[in-house]
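Here is a short report on one protein model. Look at the structure first, then read on.

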Amino acid sequence: MFQTLKITIFIFSTQFLFAQVNIKEAFPNLEIPDIVDIQSAKDGSSRLFVVSQPGYIYSFENNSSVSTYNTFLDISSATSYGGERGLLGLAFDPNFST
């Protein structure tokens with residue numbers, strides 16, 4: 001699905017910049033609720049990791065045709081979420097691959 005959106009950027013001067021932006025779904029075959037972050041482990045794999053606010057981290061191949069994902073971490077039973085609460089981010093140790 002392609003959508004066109006016009007964005008106006010205000011610059012601190014008397015000029016205005018108008019840009020045309022095309023938006024394309026990166027992973028149209030995946031539906032993951034309440035996404036708050038996406039990261040790469042930079043471990044040489046092509047996996048991406050998505051953080052879902054209720055307490056899940058999912059992993060999948062960085063390929064636009066991917067249609068399945070795996071649960072990497074589930075701490076939903078220990079997470080209260082909504083508004084500004086829940087699992088909100090993810091960081092990998094630089095030596096994660098080892």
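Strands are DSSP runs of E, at least two residues, numbered from the N terminus. Over residues 1-15 the pLDDT is below 50, yet beyond near neighbours in sequence this stretch has 27 contacts in the model. A contact means heavy atoms within 4.5 Å. The mean pLDDT of the protein chain is 83, and 79% of its residues reach 70 or more.

This is a predicted model: local features need pLDDT of at least 70, side-chain atom pairs count only at pLDDT 80 or more, and totals for chains, interfaces and linings use all residues. Residues are numbered from 1 along each chain as its sequence is written, and side-chain values use heavy atoms, without hydrogens and water.

Now the strand pairs. Two strands pair if DSSP finds at least two bridges between them.

| Strand pair | Bridges | Direction |
|---|---|---|
| S4 (residues 47-52) and S5 (residues 56-61) | six bridges | antiparallel |
| S5 and S6 | four bridges | antiparallel |

Three residues lie between the strands in the hairpin of S4 and S5, where Gly 55 takes a positive phi near 120°. Tyr 58 has Thr 71 in S6 as its bridge partner.

Arg 47 stands opposite Glu 61 in S5. The side chain of Arg 47 also meets that of Asp 43 in a salt bridge (2.9 Å, N to O). A salt bridge is a side-chain nitrogen of Lys or Arg within 4 Å of a carboxyl oxygen of Asp or Glu. The whole structure holds one salt bridge.

How values were computed. pLDDT = per-residue confidence, 0-100.
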